[in-house]
Amino acid sequence: MSSGRVIRGLLIILLVLAILFLGQQVDWIWTPIRQFFSIVGFPLILAGVLYYLMNPLVDRLERKYHVRRTWTIIGLFVVITALIVLGLVAIIPTIRNQTLTIINDWPTYWQNASNELNKWINDPQLSGLRNQLEQWNTDASQLLSSRFSKYLTGTVSSLTSVFSTVTTIIIGLITAPFILFYLLKDGHQLPGYLAKFVPTRVRQSFLTMLTEINTQVSNYIRGQLTVAFFVAVMFAIGYSLIGLKFALTLGIAAGILNLIPYLGSFLAMVPSVVIALVTSPWMLVQVLIVFVIEQTIEGRIISPLVLGSSLAIHPVTILIVLLAAGKIFGLMGVIFGIPGYAIVKVLWSHLFGWYRANSPLYAPTDTGTKKNQ
């Protein structure tokens, strides 16, 4: 490698670092952009998720049965509206009552569960474990108490923030259906429209890249939501069969938390185990049996059939992405970190492919020399 190429490479790295540094110094440019996305981000994400769920049906009816997209979209909107009304009338009140009961009684459940554990391990041979458990319980109780006091102290000062958040959610719920309608109606024309802004020579590669990104994101969103739905149903049915309290709410919570890969199901088990531990030792055993059955069905049947290996991401990479995205972006990073990584992976793959095709560093080797060797 010549010294000139090394110098050019170092200059490119320094230029990128300088751009990143200058970008941090002009916060007044990014502030309105952040505010803009804080307002439109929620309806765009909600509309995008629903788009990937509904668009395959719209495309199929249009291609196979020649049904106009507008009529299909209107029909889907009517069905979704009816399901929402049914949920508000039949399901939401039950979930609301169960959730409020869990929140109000959670300190009691936690204390009773700790007492039960202390009874179980109240054996002189397990004194070390008992002391460790008591210390852990004390630390957890102090942490919960301090957090609760902090929230009570800051209630008045945070009313404005709460009102702002509620307003943003309401606006998002109102505007998301309009965004969704036009995404379903004209979204298939978006790649061709965007391709007009790139040079003709790379237009086909650009369209190929957009197609790959769309496939990756759509497979992930549809797959995760489908798996989450079956997880919620399995937990709700399983908990109902064994007679666990709040079965419906705990099942739905398990389905929602399952959107977090690898970690969601175990997080959803925490309230179930605590409630079962307070109820009886046999209930705890039944809850663990339900969990094992659910994990077996999900891991051996549902996930392979629904998700397959569409993303082709190693489990270790998924865990690293979850930890990093959660630390940087919070809950939204945990939920959308994996599809974001899939998009970056596709972009990087095409960018590196272009660089490899045009850089002299990756010039093809002399095949005749290889044969002689």
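Reader: What should I know about the model before we start?

Author: It is a predicted model, in which local features need pLDDT of at least 70 and side-chain atom pairs count only at pLDDT 80 or more, while totals for chains, interfaces and linings use all residues. Residues are numbered from 1 along each chain as its sequence is written, and side-chain values use heavy atoms, with hydrogens and water left out.

Reader: What makes up the secondary structure of the protein?

Author: The count is 13 helices and zero strands. Helices (H or I, at least four residues) and strands (E, at least two) are DSSP runs, numbered from the N terminus.

Reader: Why is α2 called roughly perpendicular to α7?

Author: Happy to set that out. Two packed helices are described by the angle between their axes and the distance between the axes. Here the axes of α2 (residues 27-65) and α7 (residues 203-242) cross at roughly 90 degrees and come within 9 Å. The axes are lines fitted to C-alpha atoms, for helices over the stretch in contact, and angles run from 0 to 180 degrees between N-to-C directions. Angles under 35 degrees count as roughly parallel, over 145 as roughly antiparallel, 65 to 115 as roughly perpendicular and the rest as oblique. Therefore α2 is roughly perpendicular to α7.

Reader: Which residues of α2 and α7 meet?

Author: From α2 there are Val49, Tyr52, Leu53 and Pro56, and from α7 there are Asn214, Val217, Ser218, Ile221, Arg222 and Leu225. Contact means heavy atoms within 4.5 Å. By class, the contact of α2 with α7 has seven nonpolar, two polar and one charged residues. In this scheme Ala, Val, Leu, Ile, Met, Phe, Trp, Tyr, Cys and Pro count as nonpolar, Asp, Glu, Lys and Arg as charged, and the others, Gly among them, as polar.

Reader: What makes a set of grid points a pocket rather than a cavity?

Author: The way out decides. On a 1 Å grid over the protein atoms alone, a cavity is a set of points where a 1.4 Å probe fits but cannot get out, whereas a pocket is an open set with protein on both sides within 12 Å along at least five of seven lines; lining residues have an atom within 4 Å of a point. The largest pocket has a volume of about 2200 Å³. For that value, grid points are joined across faces, edges and corners, and the volume is the space filled by probe spheres set on the points.

Reader: What lines the largest pocket?

Author: Its lining has 42 residues, with Leu46, Leu50, Leu53, Leu225 and Ile256 nearest the centre. Helix α3 gives the most, with 12 residues. By class, the lining of the largest pocket has 37 nonpolar, five polar and no charged residues.

Reader: How large is the second largest pocket, and what lines it?

Author: Its volume is about 1100 Å³. Of its 31 lining residues, Gly48, Tyr51, Tyr52, Asn214 and Val217 are the closest to its centre. Helix α2 supplies the largest share, 11 residues. The lining of the second largest pocket divides into 19 nonpolar, 10 polar and two charged residues.

Reader: Why is Leu244 called buried?

Author: Buried means under 20% relative accessible area, exposed over 50%, and partly exposed in between (1.4 Å probe, protein chains only). Leu244 has a relative accessible area of 6%, so Leu244 is buried. Leu244 lies in the loop between α7 and α8 (247-257). Leaving out residues up to four places away in sequence, Leu244 touches Tyr239, Leu250, Ser272, Ile275, Ala276, Met283 and Val287.

Reader: How do you know that Gln98 and Thr249 are buried too?

Author: Gln98 is at 17% relative accessibility, so Gln98 counts as buried. Thr249 has a relative accessible area of 10%, so Thr249 is buried. Gln98 is in helix α3, while Thr249 is in helix α8. Beyond four places in sequence, Gln98 touches Phe246, Ala247, Leu248 and Thr249.

Reader: What makes Ile73 count as buried?

Author: Ile73, in helix α3, is at 0% relative accessibility and therefore counts as buried. Apart from neighbours within four places in sequence, Ile73 is in contact with Val58, Phe181, Leu184 and Lys185. Ile73 and Lys185 are 112 residues apart in sequence, with their C-alpha atoms 7.7 Å apart in space.
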